[in-house]
Amino acid sequence: MSATNPDRIISERLAGIVSGAPARDPRDDGSLNDDPAVRPPLVLNNRSFGEVTDIICGYAEHTPGKWWLPMFLLAASVAGIGVTMILYLIITGVGVWGLNNQINWAWDITNFVFWIGIGHAGTLISAILCIFKQKWRTAVNRSAEAMTIFAVICAGIFPAIHVGRIWFIWMVFPIPNYNSIWPNFRSPLLWDVFAVSTYATVSVLFWYMGMIPDLASLRDRADRRLRRAVAAGAKKRLPDLIRAYVFGLLSMGWRFSSRHWHRYEVAYLILAGVSTPLVLSVHSIVSFDFATSVVPGWHTTIFPPYFVAGAIFGGFAMVLLLLIPARELFSNFKDFLTLRHLENMAKIILVTGMMVGFAYSMEFFIAWYSGNEYERDAFLFNRVTPIWLSDRGAPYWWAYWTMITCNVLSPQVFWFKKMRRDPRAIWVVALLVTIGMWFERFVIIVTSLHRAWLPGEWHMFFPTPVDMLTFAGTCGIFLTLFLLFLRFLPVFAMAEVKAVLPQASPHGHDDHDHDDHGHADHGHGAAHGSGAHPGGHGPSHEKEAH
Amino acid sequence: MSQITGEAYQRRLERLAAHPAMANDNVTLPKGSWTGAARALIGLGVAGLLMTVAGAFVYNAKHAVASYSVGVLCVTAISLGALFWTMVFHQTNAGWHATIRRQLENIMMNLPLCVGLIAVMLIVELASGGLLFSWMRPEYADSPLLTAKRSWLNEPFLVVRFFIYAGVWTLLATKLYRFSVDQDRTGDRFLNNRARFTSAWGLLAFALTTGFFAFDFIMAMDFRFFSTMWGVYYFASGPFSCMAVLLIVTGMLRLRGRLTGVVGNEHVHDMAKLLFGMNVFWAYIAFGQYFLIWYGNIPEETAWVVYRKQGGWENLAAVLAIGHFLIPFLILLLRPVKRHPALAAAAGAWLLLMLVMDMFWLVRPMVYTPASGLKSPGPGAMWVDLAAIVGVGCLWAGVLARRIASGPLIPLKDPRLPEALDHRNYV
């Protein structure tokens, strides 16, 4: 019975019975299956365990291609410009930004919320999708978690530098001091400090702990190559020496023993459990920064879940924005990140896009329903009505409509199967969503502030070049870190990818090739479940069928 | 990607039918069972409702209507929760839920009953000129706050909206139920894909109708109050309470010796996890809403809360914080509880009680407001509340019991059934 032979797929392929790499149809790579009786494969081309290791470690062991270095240099230069702008800001003062007395938060906090939101997809994939046993997450969790950390780094810059005198930033921490200056524990800004730093810590732990087995694989491979090089008397040993040393340190003595794996799985589940409320709490607290203030457009009760949904929305857009090009640039990447994965993420974009759409409409409806003229004005006129349409309208109407177009309208194309299975279309929508989510924060922050209670306080906000280059700089920092990650670390969670391969299933797996070849099929589980399950074992005639 | 051939699928279905766990006496109740219980429940329900009517004469109609509304809002939340889960499971191509889905669908099919109960509530309000829906009363007709929203809060439009909510819920429930029942007969596995598509637009329609239903039938009882979170807050009561009912129903079926090897402790574990998770979600939403109103501290929002933090209602609020969140959180965190059918069902029953407390806290303070001029008869009048809530609950449960006994207990030919039969939590 084939199910008892986990190596059958590999041996068949090696014997030429099943082709290892069939010609791919770019519109249907074999993962798009609408038969509810068949679970599509999560890894294509019948990859064996060894091949998975070779391919994924290969990304970290070789230069990905000619594109990498120019791209890295470009990203690093932009990051350098950003760092220069930050230094200029610190030396000169926040006056180099376009802030004014009325609009005292603008691009800085917009960028902060934008980046911290981007991070959420990583935690959602690694924690919540893990708890929901969504196996497809294995294709994206590692890179999404990396992205989370880089996004939090970018986010953390802004609150720190927007305080003006950054040398007093230690005051945000409740450190006892001789001047008795204690943080205000009732301020959501202080909670932000705790929420974001906890989030960063747990995200790093999660990412790093999940990577330990894979780092040990890289260590062992470098070690093996090193030994061979020594035996052969080869000269070029330094890169592998560094790898063996660094990965050796980082893998903390991981020996792939079953005891290690057991501890690892328990720890993973605990971290997933701890991270799940964190996903909700971080952005809820970020939303409190606004919602606790009695400012029309800020103070509304739906803000916490609305911000969380928006964060996941923007985060998934960023995952797609980065990984769709990576699919093209790395060889064999598509075996692990299939069209089915992209389709699933497109569906998440659609769902979370409609969640934020729901929140927009609730805000809008309640602003009208409240009968409060300030609330009504903030939404019906300040945000929506173009200034050339009505003299009660506002100059930032275009920002609101950009947000609606990008966040609510553009994902609607994913109602069509064709669109959510087309990487190019997904990439374009992901780009639009990223823009839209930046504008969402801009709309919330600047539009609400620029029309205060008294017309005498009405001001416009104009970003200065320093504003723009600082934001561009954080994009550079983010991309630089991500390119380094792609180059030096395992991009996929190898161990987890292997666990979703058919040959990893202890009871064998549906082999639908056999159905096609006219053999009798055997349904998963019902036919050959485990003996531990009361009805697991199939009746005896099952076995005769094979 | 290859699909499997119809022929091969037929063979798979035949083997599935021969699976020992799929034996007829394991997945159906014997003919005529539960009819007595169902009849008793419905009788009890009718008796409770008659007592509620009596209460309206003994005390006042407003009190009776409010108690009845508490019951209706509870059972509607549970039924909506079942609709929600059915659609989410279809949407996510879930495998493990195949063996519990029929019971979800049975709960969901109580939505037409809920619609009927809501219709009674609406008719009473319209006929009485706004016992609870204060905006219908003539004395507020000139209130500037009301005139500002008159184009929403007016009787004809409310009736139209009621028909929209009722239509959407009934349509979704019957459509999804029919897909499932048809599959039992025909074995057409592609009905799952049609159910998935229905669920996609259905979830959108569900979100909007549930949100606005909560605005119209709870929030608008005090037309001055508003909260953008309100729709989400009412929705959040559905998913966990539905899981609670599901745990109780499957537990009772297992006590009858049914569903052996079909709904095992692995399923109980996952249902209890969802019970736990969605209860925390309720707490998150409830806290978020309360916290922002408290922190913002502006009278048009706080008035509603302040009224519920005095006159004894603050005790109920504390019961909610501790009994709805803190205690269940600490208990359901334990793995053995989640994997024990009786303990998990008991936790579910407790949370159903908390659901009633929550709705009670929302609706009942509306009755003896200072503006109403009514004098509270004291705790002695609690029998009206008890009669109304138990009455509505029993009626709802009786109708559910009848439907459960009337057909197979699981979808018999779901393509994901093998996965669900073999479902396990490894860690």
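Of the 546 residues in chain A of this predicted model, 58% are buried. The accessible surface of chain A amounts to about 22900 Å², and carbon and sulfur atoms account for 67% of that surface. In secondary structure, chain A contains 19 helices and zero strands. When contacts in chain A between residues at least 6 apart in sequence are considered, 77% of them join residues at least 24 apart.

The report now turns to chain B and to two helix pairs that share helix 11. Helix 11 of chain B spans residues 237-255. The table sets out the two pairings.

| Helix pair in chain B | Axis separation | Angle | Handedness |
|---|---|---|---|
| Helix 5 (residues 101-108) and helix 11 (residues 237-255) | within 10 Å | roughly 120 degrees | right-handed |
| Helix 11 and helix 16 (residues 341-363) | 8 Å | about 140 degrees | left-handed |

Consider the pairing with helix 5. The axes of helix 5 of chain B and helix 11 of chain B cross at roughly 120 degrees. Helix 5 of chain B is therefore oblique to helix 11 of chain B. On the side of helix 5 of chain B, the contact involves B:Q103, B:L104 and B:I107, which meet B:C242, B:V245, B:L246, B:V249, B:T250 and B:L253 in helix 11 of chain B. The residues of this contact comprise seven nonpolar, two polar and no charged.

Helix 11 of chain B and helix 16 of chain B pack at an angle of about 140 degrees. Helix 11 of chain B is therefore oblique to helix 16 of chain B. Helix 11 of chain B contributes B:S237, B:F240, B:S241, B:A244, B:V245, B:L247, B:I248 and B:R254 to the contact, while the residues from helix 16 of chain B include B:P341, B:G348, B:L355, B:D358 and B:M359. The residues of this contact divide into 13 nonpolar, three polar and two charged. B:V245 takes part in the contact with helix 5 of chain B and also in the contact with helix 16 of chain B.

One further residue of chain B deserves mention. B:E419 lies in helix 18 of chain B, which covers residues 417-421. Is B:E419 buried or partly exposed? With a relative accessible area of 26%, B:E419 is partly exposed. B:E419 and B:H97 are 322 residues apart along the chain, and their C-alpha atoms are separated by 9.0 Å.

Methods: Residues numbered from 1 in each chain as written. Chains lettered and ligands numbered in written order. Predicted model: local features only at pLDDT ≥ 70, side-chain atom pairs only at ≥ 80, totals over all residues. Heavy atoms only, no water. Helix = DSSP H or I, 4+ residues; strand = E, 2+ residues; numbered from the N terminus. Buried < 20%, exposed > 50% of the residue type's maximum accessible area, 1.4 Å probe, protein only. Contact = heavy atoms within 4.5 Å. Areas by Shrake-Rupley, 256 points an atom, 1.4 Å probe, with all protein chains shown as cover. Axes fitted to C-alpha atoms, helices over the stretch in contact; angles between N-to-C directions. Parallel < 35°, antiparallel > 145°, perpendicular 65-115°, else oblique. Left-handed = near helix turned anticlockwise from the far one by under 90°. Nonpolar A, V, L, I, M, F, W, Y, C, P; charged D, E, K, R; others polar.
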